[in-house]
Amino acid sequence: MTRSHRLPQRLPGSGARGFSLQTLAISFVVLVCLSLLAIQLWMTWRAREVQLDEAARGSSNLAQSVAQHAYDTIKEADTVLVGVVERMEHDSVDSVGNAELERLHDLLVLRVAELPQLHGIFIYDKDGNWLANSQKTLLKNLNNADREYFKYHQLHADRGPHVGPPVRSKSTGDWIVTVSRRINLSDGSFGGVVLATINMQYFREFYERFAIGEHGAIFIASGNGILLLRRPFDESYLGRDISKLPVFHDYLPKSPVGTAVIKSGVDGVTRINSYRRISGYPLVVSAAFSQDEVLAEWRLDAVLQNAVGGVLVLLIAFIGYRVVRQIDLREKSEAGLLEARNELELINETLARLANQDGLTGLANRRHFDQSLSAEFSRAQREDSALGLVLLDVDFFKQYNDIYGHVAGDECLRKIGKVVAYSMRRPGDLAARYGGEEMVVLLPGTDLAGALAVAEGVRQAVQSLGIAHSGNPLGVVTVSIGVASLTPVHLKNEAVELVELADKALYKAKDAGRNQVCSQAPSWSTGQAENMFAFR
């Protein structure tokens with residue numbers, strides 16, 4: 001047997017030395033598939049953590065807002081109480097006459113009228129009898145010695161404010177939150193109580209303004225764990241002792257401010273809970289988002305992404321199968337090996353082309369644009385040349401979709417994409433779909449004047465297409481365009497600055513009435529800090 005007859009039987013990778021090429025190929029495909037699955041799972045889990053972190057920051061900000069509102073509300077009421085206490089003690093509560101009480105009544109009426117959160121202000125003597133109040137008719141012959149706040153001040157010489165549990169007002173029947181201070185006689189003994197009542201509806205209306213989802217929750221409680229108010233509102237929860245629940249029992253003793261994932265002891269919902277003690281007053285507030293609601297969108301995205309990832313793995317596995325099969329055929333025939341290699345190269349070229357192309361418009365996709373921007377920016381730095389950028393957005397495109405449907409919207413974007421592609425006059429120019437209805441043209445070696453000329457040509461060409469758009473005041477589809485150009489300096493500028501300048505210019509064009517071309521020069525450029533050109 002001649003040597004030429006033996007060569008086809010000893011293909012590369014075969015023989016006793018090492019693993020066969022087929023084994024290595026199978027191992028590689030399996031490794032790639034497993035790696036893709038691992039990366040997909042990691043990215044999915046990472047997205048979950050990011051979603052939870054954002055929710056935690058949101059709940060923390062909300063808790064801070066609620067705490068500041070509660071502090072301001074109590075502080076305003078307490079400031080009035082301090083003044084009333086000083087006046088009563090200065091005039092000696094035992095010797096206050098009817099005339100003085102009438103003047104106090106007028107003053108209290110005025111203070112309640114000035115502060116919308118106040119339900120009323122009341123003054124009681126040492127026996128709980130009503131001395132004065134803020135009601136239009138000065139009620140007397142009533143006694144509040146049985147109230148919690150009155151008993152508290154009888155037993156405590158503390159001169160600070162006391163926030164009591166929620167109660168129904170004896171005068172109106174409304175649910176109220178009480179803030180009270182002790183009045184002392186001249187000898188320092190207990191002389192009565194001055195009380196401010198805050199209508200619970202004031203807090204409820206404030207809490208209802210926040211978008212916290214169907215199962216989100218906000219509560220305010222006294223420092224010792226008595227629930228004053230909670231959203232969602234339920235009268236049965238008012239005054240409940242929640243001091244044994246995790247926020248009070250496990251977290252507040254460690255830190256006055258924090259965020260934790262806690263299963264509610266009230267309704268059993270697991271929430272991302274931010275809590276905070278209010279400095280200066282014995283109050284605790286909490287704002288929480290339902291973890292299930294926070295992760296609902298993430299779950300949908302995870303299903304879609306994992307489905308796409310699964311299809312990609314199946315595609316790679318299929319391609320790997322084909323490669324392995326071709327390798328097997330190669331061991332039998334050199335012609336079969338060549339065919340398999342050519343087929344694999346064709347597939348790789350197709351995948352590479354699809355990876356850099358937007359499927360709808362045929363322009364480069366965002367990934368290709370980002371890579372090209374980075375490369376051209378570095379080139380402009382090395383060559384000390386200008387780099388221009390044109391960023392356009394279709395005017396009233398949401399209305400266009402609403403009126404004509406998404407199929408017509410896609411066709412509209414395809415037509416505009418052809419106009420944008422035609423604007424590329426040099427081999428180095430790049431047109432890409434930036435996202436949604438936004439498109440971008442990267443212009444290496446182009447100053448601001450040149451970029452503006454290209455942008456104006458695109459704007460006119462789009463308008464001249466005459467695509468009907470009843471939602472646009474002009475009756476046809478138009479675009480707003482932002483233009484920027486800069487000569488980057490090494491270690492001073494970054495590529496993102498060019499995009500930010502074009503984006504600012506785009507907002508100028510929209511603010512100026514759309515169907516405009518505006519430019520934005522860098523603040524450090526020679527001459528004036530900012531230039532604006534508009535074509536219409």
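Reader: Which residues does Val 194 touch, not counting residues up to four places away in sequence?
Author: This is a predicted model, where local features need pLDDT of at least 70, side-chain atom pairs count only at pLDDT 80 or more, and totals for chains, interfaces and linings use all residues. Residues are numbered from 1 along each chain as its sequence is written, and side-chain values use heavy atoms, with hydrogens and water left out. With contact meaning heavy atoms within 4.5 Å, Val 194 touches Leu 81, Val 84, Val 85, Ile 121, Phe 122, Ile 123, Val 179, Ser 180, Arg 181 and Ile 183.

Reader: At what angle do helix 2 and helix 5 pack?
Author: Helices are DSSP runs (H or I, at least four residues), numbered from the N terminus. Ser 65, Val 66, His 69, Ala 70 and Thr 73 in helix 2 meet Tyr 202, Phe 203, Phe 206 and Tyr 207 in helix 5. Axes are lines fitted to C-alpha atoms, for helices over the stretch in contact, and angles run from 0 to 180 degrees between N-to-C directions. The axes of helix 2 and helix 5 (residues 200-207) are 12 Å apart, and the packing angle is about 155 degrees.

Reader: How are helix 2 and helix 5 oriented to each other?
Author: Angles under 35 degrees count as roughly parallel, over 145 as roughly antiparallel, 65 to 115 as roughly perpendicular and the rest as oblique. The angle here is about 155 degrees, so helix 2 and helix 5 are roughly antiparallel.

Reader: How is helix 10 oriented to helix 11?
Author: The axes of helix 10 (residues 397-404) and helix 11 (residues 406-422) come within 7 Å and cross at roughly 135 degrees. Helix 10 is therefore, relative to helix 11, oblique.

Terms used. Helix = DSSP H or I, 4+ residues; strand = E, 2+ residues; numbered from the N terminus.
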